[in-house]
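Open the model in your viewer and keep the sequence panel beside it.

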Amino acid sequence: MHNQKVDNIDFTATEVPIIYYLLKDSPNQDLIATDSIYEQNKRERLIEFVFQDESEEDLLEDKFTNLDYQKAVEYMSFTIQKDFSVITSKNDTIQCSGVMFERNFKITPYHKLLLFFSDINPNDKIQLIYQDKLFKKGTLKFRFKEPILKL
């Protein structure tokens, strides 16, 4: 987990092991089948990215984004994918291949994204690059020094 604070906003990036998603709904499943699925998906990387205001205000309000609330939700759901990339230890740049915005309907004081990156060696060290165009806080870099799970 890596955290950066810019002005009043905390940005937190956490790499999540792909195996977690394979086992989370069915922890008692056939391990041979799970291993086979893991082998097919081991070059995928998942990063949970969280935005939170220090005063726990809703960051999608127009005073933070200069966008109407619905437009900010649409940005988080679709366009923000273009703002993320990963640099591998071999200096390859991998664009975000997908994003899932976890809607909280103003229940939680944060907003969470699940970022998907493809075709990355599972042993590569990575650096997440976020070009913040939504809150205009600049470029943030999060270096993951070790692969999340060594097998």
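Select threonine 12, which lies in strand E2, residues 9–16. This is a predicted model, so treat each stop as a computed result.

Is threonine 12 buried or exposed? Its relative accessibility is 16%, and because the cut-off for buried is under 20%, threonine 12 counts as buried.

Now show the side chain of asparagine 3 as well. The side chains of threonine 12 and asparagine 3 make a polar contact at 2.6 Å. Next, display what else touches threonine 12. Setting aside neighbours within four places in sequence, its contacts are Met1, His2, Asn3, Glu48, Phe49 and Val50.

Select strand E3, residues 45–53, and strand E7; the two pair in the antiparallel sense over eight bridges. Which residue of E7 is the bridge partner of glutamate 48? It is leucine 114.

Then colour E7 itself, residues 110–117, by burial. Six of its eight residues are buried, so the strand is largely enclosed by the rest of the structure.

Move on to another sheet. Four strands form an open sheet in the order E5-E4-E8-E9, with antiparallel pairing. Its edge strands are E5 (93–95) and E9 (138–144), each of which pairs on one side only. From one strand to the next, the twist averages 25°.

Zoom in on one end of this sheet. Strand E4, residues 84–88, pairs with E5 in the antiparallel sense over three bridges. Select isoleucine 87 and you will find its bridge partner in E5, threonine 93.

Finally, zoom out to the whole protein. How many helices and strands are there? The protein has four helices and nine strands, and from the N terminus they run β-β-α-α-β-α-α-β-β-β-β-β-β. The C-alpha atoms fill a box of roughly 50 × 35 × 25 Å along the principal axes. A compact globule of 151 residues would have a radius of gyration near 15 Å, and the 16 Å of this protein agrees with that. Colour the chain by burial: buried residues make up 40% of the 151.

Notes: Residues are numbered from 1 along each chain as its sequence is written. This is a predicted model: local features need pLDDT of at least 70, side-chain atom pairs count only at pLDDT 80 or more; totals for chains, interfaces and linings use all residues. Side-chain values use heavy atoms; hydrogens and water are left out. Buried means under 20% relative accessible area, exposed over 50%, partly exposed in between (1.4 Å probe, protein chains only). Two strands pair if DSSP finds at least two bridges between them. Axes are lines fitted to C-alpha atoms, for helices over the stretch in contact, and angles run from 0 to 180 degrees between N-to-C directions. A polar contact is a pair of N or O atoms within 3.5 Å; within protein, one must be able to donate a hydrogen and the other to accept it, and residues adjacent in sequence count only if both atoms are side-chain atoms. Contact means heavy atoms within 4.5 Å. The radius of gyration is taken over C-alpha atoms; the globule rule is 2.2 Å times the number of residues to the power 0.38.
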